[in-house]
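Please open the model in your viewer and keep the selection tool at hand. The tour below goes from stop to stop, saying what to select next and what is there.

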Amino acid sequence: PRQFFVGGNFKLNPTSRAQKQALVKVLNDADLDLNTEIVISPPSIYLIPLKEIVRKEIKVAAQNCYYKDSGAFTGEISAGQLTDAGIPYVILGHSERRTLFHETSKEVAQKTKAAVAAGLSVILCVGETLQERESGATTKVVSEQLDAVVKAIKEEDWGKVVIAYEPVWAIGTGKVATSAQAQETHLAIREYLAKAVSPKVAEDTRIIYGGSVNAGNCKELSLQPDVDGFLVGGASLKPEFVDIINAKK
Ligand code: 13P
């Protein structure tokens, strides 16, 4: 059985150390379902201080890393530096990075390769735009995003990867995918993995959903057989994040 996984992607929030501390307090005081793997991802400047104050059952994740180990790459952080700082996870290929910062699937694959080589676990984000969905290209787009990673890492590395299916049209829009839409694409991703990697990797890999998840819609989504958890943006900054972590409770 795949362990349920809930990640909070704080994006470029919170905007002060005081706010960061308030967020952590809510989580530290809450009655959390500890059968769920819980990961929170603050801006890099807060990774280490957050790790030090958050309860030990909650892991922290960087929102990005670079694929080079060191050198003249101003503004970047390497996978090895994250490992050295005791950070266990990194989010890669988020749609905001692909769109606003022009990351290609090839770069996302290079980053994934560097991350697993450094011992990090990866939350690998994929997803289609509204136009791509409406033209029936969802499976093709998501498979192409994954293809680059399949070429870059070894079969055993997939044990360190959680796939986050985040349809671009659902991110930050309040327009959540229906549970049928999520299930259909998660199953397509699993079928893709069975063919492109192996049936075992398809069976074992967690595929989580992201895009306007909230306390009200998480339960029904969590009942879908191929939805293994969530990557939460906006709602991860609110007390309702606790209800999403506890969706299976
Ligand atoms: P929202 O939950 O705010 O739609 O964001 C989803 C997301 O991008 C998580 O990575």
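Throughout the tour, contact means heavy atoms within 4.5 Å. The model is a predicted one, in which local features need pLDDT of at least 70, side-chain atom pairs count only at pLDDT 80 or more, and totals for chains, interfaces and linings use all residues. Residues are numbered from 1 along each chain as its sequence is written, and side-chain values use heavy atoms, with hydrogens and water left out.

**Stop 1: the ligand**

Which distances are found between oxygen atoms of the ligand and the side chains of Asn-9, Lys-11 and His-94? A polar side-chain atom of Asn-9 lies 3.0 Å from a ligand oxygen, an N or O atom in the side chain of Lys-11 is 2.8 Å from a ligand oxygen, and for the side chain of His-94 the distance is 2.7 Å. Of the 310 Å² of accessible area that the ligand has on its own, the protein covers 94% (Shrake-Rupley method, 1.4 Å probe).

**Stop 2: Ser-95 and helix α4**

Now select Ser-95, whose place is in helix α4; helices (H or I, at least four residues) and strands (E, at least two) are DSSP runs, numbered from the N terminus. Ser-95 counts as buried because its relative accessibility is 12%, buried meaning under 20% relative accessible area (1.4 Å probe, protein chains only). Leaving aside neighbours within four places in sequence, Ser-95 is in contact with Leu-100, Val-168 and Ile-171.

**Stop 3**

Select residues 105-117, helix α5, whose 13 residues reach 18 Å from the first C-alpha to the last, close to the 18 Å expected at 1.5 Å a residue (the expected span is 1.5 Å times one less than the number of residues). The buried residues of α5 are Val-108, Ala-109, Lys-111, Thr-112, Ala-114, Ala-115 and Val-116, and they pack against α3, β4, α4, β5, α7 and β6. After α5 comes Gly-119, with a positive phi near 95°.

Move on to α7 (138-152), whose end C-alpha atoms are 22 Å apart, in agreement with the 21 Å that its 15 residues should span. Among the buried residues of α7 are Val-141, Gln-145, Leu-146 and Val-149, and the buried residues of this helix pack against α4, α5, β5, α6, β6 and α8.

**Stop 4: two serines in loops**

Select Ser-198 in the loop between α8 and α9, which counts as buried because its relative accessibility is 9%. The side chain of Ser-198 reaches the backbone nitrogen of Val-201 at 3.1 Å, and, not counting residues up to four places away in sequence, Ser-198 touches Glu-155 and Leu-193.

Finish at Ser-78, in the loop between β3 and α3, which is buried at 5% relative accessibility. Leaving aside neighbours within four places in sequence, Ser-78 is in contact with Cys-65, Tyr-66, Lys-68 and Asp-69. Ser-78 and Gly-216 are 138 residues apart in sequence and, C-alpha to C-alpha, 37 Å apart in space.

Key:
A polar contact is a pair of N or O atoms within 3.5 Å; within protein, one must be able to donate a hydrogen and the other to accept it, and residues adjacent in sequence count only if both atoms are side-chain atoms. Buried means under 20% relative accessible area, exposed over 50%, partly exposed in between (1.4 Å probe, protein chains only).
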